[in-house]
Amino acid sequence: MAQALYRKWRSQTFEEVVGQDHVTETLRNALRDGRVAHAYLFAGPRGTGKTSSARILAKALNCTATEGEKPCNVCDTCVAINEGRMIDLIEIDAASNNSVDDIRELRDKVSFRP
């Protein structure tokens, strides 16, 4: 099955995100200091790395590596997220998931514990 280029070449670490140093540095500092906010809003024009940054943040928060830079991309959790088989990570495209039914479905999904 063909895979879109943006998925094939998606950044896997904060270092690989290009042109968003202010964002990656802020997220790294929050992770390092243990001061992660309860929610983050990634906004901007198409192709600026919003989804990639959000996925990297999700990976870093769930990474089971004990030391070093997170995400490690080696632990079971990081590998599962990279392979798209992490059941607790839901990627939502707001442009195509904007109906009432989509929101109802999302509400139904979040009621289950990880």
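## Talking through the model

Modeller: The exposed residues D21, H22 and R32 sit on the face of α2 that is turned away from its buried side. This is a predicted model, where local features need pLDDT of at least 70 and side-chain atom pairs count only at pLDDT 80 or more, while totals for chains, interfaces and linings use all residues. Residues are numbered from 1 along each chain as its sequence is written, and side-chain values use heavy atoms, with hydrogens and water left out.

Colleague: OK, what makes L27 count as buried?

Modeller: Buried means under 20% relative accessible area, exposed means over 50%, and partly exposed is in between (1.4 Å probe, protein chains only). L27, in helix α2, has 3% relative accessibility, so L27 counts as buried. T24 and A30 of α2 are buried too.

Colleague: How do you know that the buried residues of α2 line one face?

Modeller: Look down the helix axis: the buried residues fall within an arc of 130 degrees, so they line one face of α2. The arc is taken from the directions that run from the helix axis to the C-beta atoms. As background, an α-helix has 3.6 residues a turn, so residues three or four places apart point the same way.

Colleague: And how do you know that the length of α2 agrees with what a helix should span?

Modeller: Helices here are DSSP runs (H or I, at least four residues; strands are E, at least two), numbered from the N terminus. The expected span is 1.5 Å times one less than the number of residues. For the 13 residues of α2 (residues 21-33) that gives 18 Å, and the end C-alpha atoms are 18 Å apart, so the two agree.

Colleague: Why is the Y40 and F42 pair called tilted?

Modeller: Rings of Phe, Tyr and Trp (its six-membered ring) pair if their centres lie within 6.5 Å; planes under 30 degrees apart are stacked, over 60 edge-to-face, and the rest tilted. One aromatic pair turns up by this rule. The centres of Y40 and F42 are 6.5 Å apart and the planes are at 35 degrees, so tilted is the label. Y40, at 33% relative accessible area, is partly exposed, and so is F42 at 25%. The C-alpha atoms of Y40 and L27 are separated by 9.8 Å, with the two residues 13 apart along the chain.

Colleague: What makes a region a pocket rather than a cavity?

Modeller: On a 1 Å grid over the protein atoms alone, a cavity is a set of points where a 1.4 Å probe fits but cannot get out, whereas a pocket is an open set with protein on both sides within 12 Å along at least five of seven lines; lining residues have an atom within 4 Å of a point. The largest pocket holds about 1500 Å³ and is lined by 42 residues, with K50, T51, A54, E91 and I92 nearest its centre. α1 (5-8) and α3 (50-62) are the elements giving two or more residues to that lining, and α3 has the largest share, nine residues.

Colleague: What is going on around P71 and N73?

Modeller: Both are in the loop between α3 and α4 (76-82). A cis peptide bond joins K70 and P71, with omega about 0 degrees. N73 has a positive phi, near 60 degrees, in a residue other than glycine. N73 has 22% relative accessibility, so N73 counts as partly exposed.

Note on methods: Points joined across faces, edges and corners; volume = space filled by probe spheres on them.
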